[in-house]
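Notebook open, structure loaded. I'll jot down what I look up as I go.

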Amino acid sequence: MNFAFHRKRISGLLTVVPANERSFIEEMKNFNFPEARSLKLKEVMGYDRRRLVEPGVCVSDLAVFGLQHLFDQALLKPDEIDALLLVTQSPDHFMPPTSNIIQGRLGLKQDVFCLDISQGCAGFVIGLIQGFQLLEQDDIRKVVLINADVLSRKASPKDRNINPLIGDAASITVLERDTQDSVIYAKLKMDGSRAEALIIPAGGMRMPSTSDTAMLEEVGDNNLRAKDHLFMDGAAIFNFVQVEVPPLIEALLAQAGVSKDSVDYFFCHQPNRFMLEKLADKMKIPHGRMPNNVVEHFGNSSGATIPTAITFNLRERLLHENLQVCLAGFGAGLTWSAMLISLGNVNFNTIIEYK
Amino acid sequence: MKCIFKNKRISAVISVVPKEEYRFDDEYPLVKLTADKAKRFKKMMSLDRHRIAPPDVCSSDLCVYGLQRLLSEGTLKKEDIGALVFVSQTPDYFMPPTSNVIHGRLGLGHDVVCLDINQGCTGFLLGLMQAFMLLEISALPKVVLLNGDTCSKQMSQCNRVSYPLTGDAGSVTVIERCEAENPIYMDVKNDGSRHQAIMIPAGAYRNPSTVETLKLHEVEEGIMINDEHIHMDGAAIFNFTMGDVPPQVEDILAFSGDTRDSINHFLFHQPNPFILKQMADKMKISQAKLPNNIVSIIGNCSSVTIPMNMTINCGEQLQRESQRVCFSAFGVGLAWIAAVMTVGPLDVCKVVDYEKA
Amino acid sequence: MDKIKFYEQLAKILDIEEVKGDDVLKDFEAWDSLAVLSVLAMADSTYGASIKADEIRSVVTAAELANLVETKSKK
C-alpha cells in the first residue's frame, strides 16, 4: 500500500536505553561453541555490547522515564499530547493497553487518544504512518509515538543465533503538522504466509505458557531454545531482506521522483551489521550512508532501532540541518516498509540512559 | 477527542459464536454457588446461557470463519480487502501480529495493510475509527475490521460472579467509502489512572508467567482466581459506568444534533443487564431502545458485544433499512467512546455458529 | 433522608425480613460483592450518591451505611 502525507513532520526524537550493558566477550562463555568460532561470529555480525533492562523493568517504565525527561527539559508539555501511540510486542499486560498505563502514570488529559499497536521491527515506519494519519484530525495537533520493546526476556540464553544481538530500548518521537508544503511518501507490504520465520510460539492464546513451554529444547547447531522464546529463521530472514527491501525502496524513490544519490541517509532497521552491509552492497549504497552501528553498541531493540540509529548517528546535526532520509523497517509479519521524509530542524535528537 | 468522519459507511457485519452453549442452571454448581445464591444471582443479572469456545479455538479462528463466510457467500471479494484490522486482547501470539497470521491463512496480496490493536470493550468503535482513517487512502478499497476475544480463557472458572457472564465471540465488519456524506460523530476518552479496575496482572512482561502466577488464591469468599485471570473491581467499574459514560452520551447527541427521539437504537457495550438497566434509567432511555440481553444469551464478549447487539437485536432491520444509531462502549483502559451514525441498509447483518474447517 | 425506607431497601437487597441500624453488615449471609453492587446502584438511583467500594467496606453497621449514603446524597 502507498501513502502520501502532506504537511506533517517529525519535531523531536529521544531514545531511552537501559544503563545496564553486557558485552559479547563475557557472554560468549554461555554458548556451547569454541571460543574461536564465537569470535568470528562477533566480527562478522558486528556484535559487541548491548543494553538490557534489569529484571522487573518494562516498556511503560522506559516510556514514562523518557516522557518525564522531556517534560523536565521543557521540550514537551503534558497537555500538548493529543495522541499517545505505543508500538510494542512486549506489553506490560494483556489487559489493559500499555498506552493507558503510561497515560495514567503521567496524569495526561482524558481527551488523549491512546492506542497500542502490536508490531516489531517495522514498527517505527508503521507508527509514523499511524501518527501522520491521526494528525489529519482537527483535534490532534501533537502525536507522541513510542516504539519500545523488552524482548531480551524472550531470548534464550543458550541460543547463539538470537541472544547476542537482542537489546532493549524505547524511543519517543514527536509528530506535528508542518507549516511548509512537504510531502512524505511511504510504502507498506505484508506477507503472512511467511509469518513463522520470526515468532514467539508460546505465550499467546494459540499456545499458552506452561511449564512445558518453558523447557529448553535442542534446536540444532548446539543451540537450546524454549517455545516461550523468540525464534528467528536467520536464513529465511536474510533472503527476505535481500529480495524484498531493495525493490521496495527503489519503488518508493520512483514514486517520490527522487534519486538514490539525493538521499542523505538510509536508516534501516538494525538486525545486525552483516545484513545491513549486504543490503547496502546490493543497492550500491556506500556503507557510510546506510549506518549499521546500532547492534554493536546497543543491540537490536526491534522497533526502536531506526530512531536509535538516527539519534546515535546524527545527534545535534538534526537540530540545525535538514536532511533527506529514507527509513526502512522490516521484520515480524513478515512486514516490510519504507518512508521518504525530510528530517531536520528538530527540537531534540538525543539518547538518554534509564537507570 | 472529538472527530467527524464523512463519506464512509459500514456495509456488512457478521458475528460468530462457538456452538458450545452452557446454561447457567447447569453450571452454577461448578462455580460453587448454592441454589439460593444462584437463584438470586440469576435474577439480578438476568442470566440464562453463554457461549464458550473449546480450548483449541482462538479469537482469530472465529474471525477467519466469519470472513470466509462473507467471501464464500459473495458479500465480499478477496481483491476488495485493502486492510485487515484485528482488535483483540487475546491475540494468537506476542509475535507476529495476528492480523499477519490471518493474512497468511487467507493468502492475501502483499499490498494489504495488516494492523493489530490491543483493546477490549471499546475495540469495535476504536476499530471503526481506524477503518475510517485508512479509507482516506483512495487506493485502499475496503477495510475489514475483525474483533475477537476468548475471554473465557482469561476468566477463572472459580469466579462465580464473572465466569457465568463471560462469552467468546468474533465479528467481521466491512467498512467502505460512500458517495453520501453520512457524517459519523465520535468522541474518545481515556483514563489510565484507573486502569487497575479491569486488568490481568500477570502473563505478559510486567509479571511473566510462572508457577506462582498460576496459583489460585481467594479474593472473596468462594471466589478463587490466579494472577493470569481477569481482575475486576466491580464497584469501580460501576461508578465509572454510571459517572463517566452518561455525560459522554449526552455530549455526543449534542455534537451530532440528535435527541433521544431521533435515535432509533442505543447500541451499547454489554457488560451485564443489571448495569445497562441502571444506565437506561439514569439516562431516561427506554429499555426497548437500549437492548441489554446479550450477556443473557451469549455472554460479555468484550469488543464483540456491540456487533453482537447489532446482529442479534437489529439484524433484519439493519439489512432492510437505514437506522440512526448511538453507540457507546466503555471498559478496559479505562476508555470510553461514543458515536452517532446512520447505519444500513447493510448487505449482511447476521450471527452464525463457528464451524471448524 | 428517610432511614426507614433505606432499611427496607437494604432488607430487600439482603433477601431478609428486616434490617435494624445496629445490625453488623458482614453477619448477613447475603452480604457479598453482589450485595455491594446492588447497594451502589440503589445509592445512585434513589439518592444520587456515588460511593466507592472501599467506603462501603469501611462501614460496619447498617446505620453507618445509611449515614454514608446520606452524606454523599445529592437529592
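How far apart do the closest C-alpha atoms of chain A and chain C lie, given that no contact joins the two chains? They lie 19 Å apart. Contact here means heavy atoms within 4.5 Å. Two pairs of chains do touch, and the pair with the most contacts is A and B.

**Ground rules**

I'm working with a predicted model, where local features need pLDDT of at least 70, side-chain atom pairs count only at pLDDT 80 or more, and totals for chains, interfaces and linings use all residues. Residues are numbered from 1 along each chain as its sequence is written, chains are lettered from A and ligands numbered from 1 in the order in which they are written, and side-chain values use heavy atoms, with hydrogens and water left out.

**Chain A**

I looked up the secondary structure and got ten helices and 17 strands for chain A. Helices (H or I, at least four residues) and strands (E, at least two) are DSSP runs, numbered from the N terminus. The C-alpha trace spans about 60 × 45 × 35 Å along its principal axes. For 355 residues, a compact globule would have a radius of gyration near 20 Å, and chain A agrees with its 19 Å. That radius is taken over C-alpha atoms, and the globule rule is 2.2 Å times the number of residues to the power 0.38.

Burial next: 64% of the 355 residues in chain A are buried. Buried means under 20% relative accessible area, exposed over 50%, and partly exposed in between (1.4 Å probe, protein chains only). Chain A exposes about 12,200 Å², with carbon and sulfur atoms supplying 49% of it; the areas come from the Shrake-Rupley method with a 1.4 Å probe, and for residues only the protein chains shown count as cover. Of the chain A contacts between residues at least 6 apart in sequence, 78% join residues at least 24 apart.

I also checked charges: the 36 positive and 42 negative ones of chain A have mean positions 3 Å apart. Lys and Arg count as positive, Asp and Glu as negative, while His and the chain ends are not counted. Each charge is placed at NZ of Lys, CZ of Arg, CG of Asp or CD of Glu.

**Chain B**

I ran the list again for chain B. It has ten helices and 17 strands, and 66% of its 357 residues count as buried. Chain B exposes about 11,700 Å², and carbon and sulfur atoms supply 50% of that.

**Cores**

Which residues have the most contacts inside the largest nonpolar core? They are Leu67(A), Ile146(A), Trp31(C) and Leu65(C), in a core of 159 residues. Helix α2 (residues 33–47) of chain C gives the most to this core, with ten residues. A second, separate core of 118 residues includes Phe5(A), Phe312(A), Leu323(A) and Ile337(B). A nonpolar core is a set of buried Ala, Val, Leu, Ile, Met, Phe, Trp, Tyr and Cys residues joined through side-chain atoms within 4.5 Å.

**Helix α4 of chain B**

Seven of the nine residues of α4 (residues 98–106) of chain B are buried, including Asn100(B), His103(B) and Leu106(B). The buried residues pack against β9 (183–190) and β16 of chain A, together with α3 (59–72), β5 (81–88), β6 (113–118) and β7 (142–150) of chain B. Just after the helix, Gly107(B) takes a positive phi of about 60 degrees.

Most residues other than glycine have a negative phi, and most peptide bonds are trans. I went looking for exceptions.

- A cis peptide bond joins Gly333(A) and Leu334(A), with omega about 0 degrees; Leu334(A) is in the loop between β15 (322–331) and β16 (335–344) of chain A.
- The bond from Gly344(B) to Pro345(B) is cis too, with omega near 0 degrees, and Pro345(B) lies in the loop between β16 (335–343) and β17 (348–353) of chain B.
- Ser46(B) has a positive phi near 50 degrees, and counts as partly exposed at 25% relative accessibility.
- Ser302(B) has a positive phi near 60 degrees, and counts as buried at 5% relative accessibility.
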